[in-house]
Each structure stands twice: as structure tokens, then as C-alpha cells.
Amino acid sequence: MNKAIRASDTPYSMDVVEGKNYFWCACGKSKKQPLCDGSHSGTDFTPVIYKAPESKKVFFCGCKETSKQPLCDGSHSKT
Ligand code: FES
């Protein structure tokens, strides 16, 4: 599998709504970061679904290096 494109050096904060599904961009090519816009078409990547367990602010990974997809684990500051 090819390496994902680093979309951002920092995570994306987003207010999510309980029970709603969010499709996190795993490839880094989306123009609607941190969410998928279909740009992964033709790559080995597919978006990662995040179902919000509650309404709150979350931090979606922007560097695409997180080990806790789709959420930030601090990897952006190590690479
Ligand atoms: S655009 Fe990146 S996973 Fe869909």
C-alpha cells in the first residue's frame, strides 16, 4: 500500500453529533479534510468510518500517521 499524503501538521478539531457517521479521509488527498471527498478513487485507501458515541469536540488526525485512526494520537509531533 502506498503511503498516505500528510494533509496537515496538526489535527482537525470538529464538533461531532452523537450517532452520526463521519468518513475520515485516510489517503490525505481529500480537499474537504479531515473528511473523505472521494479523491481516494484509484488508490488502495478507503475512508475510515467514525460513529460519534456522543456529541462532543474530537480531533481527527491530519498527518495520517496516527495509530488510533481516525483520531489524533500525537504522531504529528513525532514525524
Ligand atoms: S478522499 Fe481520502 S479516503 Fe477518501
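Two strands pair if DSSP finds at least two bridges between them. Strands are DSSP runs of E, at least two residues long, numbered from the N terminus. I am working on a predicted model, where local features need pLDDT of at least 70, side-chain atom pairs count only at pLDDT 80 or more, and totals for chains, interfaces and linings use all residues. Residues are numbered from 1 along each chain as its sequence is written, and side-chain values use heavy atoms, without hydrogens and water.

**Entry 1: strands**
I looked up S2 (residues 21-24) and S3 (residues 48-51): four bridges join them, and they run antiparallel. Phe23 stands opposite Ile49 in S3. Next I checked the faces of S2. In a regular strand the side chains alternate between the two faces of the sheet. Here Tyr22 and Trp24 point to one face and are buried. Buried means under 20% relative accessible area, with a 1.4 Å probe and protein chains only.

**Entry 2: cysteines**
How many disulfides does the structure hold? I found zero, counting a pair of cysteine sulfur atoms within 2.5 Å as a disulfide. Cys61 is in none; the nearest cysteine sulfur, that of Cys63, is 3.9 Å away. Cys61 is buried, at 3% relative accessible area.

**Entry 3: Thr66**
I found Thr66 in the segment after strand S4 (56-60). Thr66 is buried, at 7% relative accessibility. Its side chain makes a polar contact with the side chain of Asp73 (3.4 Å). Such a contact is a pair of N or O atoms within 3.5 Å; within protein, one must be able to donate a hydrogen and the other to accept it, and residues adjacent in sequence count only if both atoms are side-chain atoms. A polar atom of the Thr66 side chain also lies 2.7 Å from the backbone oxygen of Leu71.

Conventions. Buried < 20%, exposed > 50% of the residue type's maximum accessible area, 1.4 Å probe, protein only.
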